[in-house]
Amino acid sequence: MDLQNITLVSFGYFDDKFLKNVAEAVNHEFVRSVNIKEGRLDLSEFYDPTRRQYNGTKLLRELDNIYSSDSAKTLGLFSVDLFIPILTYIFGQAFLNGRAGIASLYRFRNEHYGMNSDNKFIFERFKKEVIHELGHTFGLVHCYIPTCVMRSSTYVEDIDQKSANLCLKCRNEINLEVL
């Protein structure tokens, strides 16, 4: 596998330290250079007023068209509520073995689940989702190992239960050395 850099493109307000910490986690997991840049999109084009959510499929396509390149994996970072037509909501999505993915921290806030705000939970969940979606861009499918970051996550509790790391099987599939 050729060594591709990873670009994280933030849309909306993200704290610089938060973005830096996400980039460090991604760098640690994929052992690749990680760049952060700010993106601009008119999100109103992707808003579905009936659902009061943003269409993830259309957003992913637009991100891929405007921000992706063949020399890097690109992940768009959002803070809006995403959906795809067949699901009530999604945390993120990516093109399998493609150039691009998206992730949103919107549903990672404890307040959505009747709990007190906790920024540590938001960061841990978001970091796992970013790594998960990037895993898809590198060709990984959902993993059956419970602690693997590539395990499918339907609910936020699923994300809380898994680690932020690829299991040995997934690492081997994309030829990453065991750290």
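1. Basis of the values. Because the model is predicted, local features need pLDDT of at least 70 and side-chain atom pairs count only at pLDDT 80 or more, whereas totals for chains, interfaces and linings use all residues. Residues are numbered from 1 along each chain as its sequence is written, and side-chain values use heavy atoms, with hydrogens and water left out.

2. Five-stranded sheet. An open sheet of five strands runs in the order β2-β1-β5-β9-β8, and its pairing is mixed. Strands (E, at least two residues) and helices (H or I, at least four) are DSSP runs numbered from the N terminus; two strands pair if DSSP finds at least two bridges between them. The edges are held by β2 (34–38) and β8 (92–94), each with a single partner strand, so one side of each is left without a neighbour in the sheet. On average, neighbouring strands of this sheet are turned by 20° against each other, direction ignored.

3. Pairing of β1 and β2. Strand β1 (residues 5–10) pairs with β2 in the parallel sense over five bridges. Within β2, N35 is the bridge partner of T7.

4. Helices across the sheet. Helix α1 (residues 16–30) lies across β1, β2 and β5 (72–78), at about 150° to β2. Helix α3 (residues 119–137) lies across β1, β5, β8 and β9 (100–104), at about 145° to β5. Axes are lines fitted to C-alpha atoms, for helices over the stretch in contact, and angles run from 0 to 180 degrees between N-to-C directions.

5. Residue L77. This residue lies in strand β5. L77 is buried, with a relative accessible area of 0%; buried means under 20% relative accessible area, exposed over 50%, and partly exposed in between (1.4 Å probe, protein chains only). Leaving aside neighbours within four places in sequence, the contacts of L77 (heavy atoms within 4.5 Å) are L8, V9, S10, F11, F14, L19, A103, F126 and V130.

6. Aromatic pairs. The whole structure holds eleven aromatic pairs. Rings of Phe, Tyr and Trp (its six-membered ring) pair if their centres lie within 6.5 Å; planes under 30 degrees apart count as stacked, over 60 as edge-to-face and the rest as tilted. The ring centres of F18 and F123 are 5.7 Å apart with planes at 80°, so this pair is edge-to-face. It links distant parts of the chain, with F18 in helix α1 and F123 in helix α3, 105 residues apart. Both F18 and F123 are buried. Ring pairs also join F14, F18, Y89, F91, F108, F123 and F126 into a cluster.

7. F30 and F138. The ring centres of F30 and F138 are 5.2 Å apart and their planes stand at 20°, so the pair is stacked. F30 lies in helix α1 and F138 in the loop between α3 and α4 (156–161), so the pair ties together parts 108 residues apart in sequence. F30 counts as buried at 0% relative accessibility, and F138 counts as buried at 4%. K73 lies over the face of F138, 5.1 Å from the ring centre; a charge sits over a ring if NZ of Lys or CZ of Arg is within 6 Å of the ring centre and within 35 degrees of the ring normal.

8. Four-stranded sheet. Another open sheet, also with mixed pairing, has four strands in the order β3-β4-β6-β7. Its edge strands, β3 (47–48) and β7 (87–90), each pair on one side only. Strands β3 and β4 (residues 53–55) run antiparallel and are joined by two bridges, with D48 opposite Q53 in β4.
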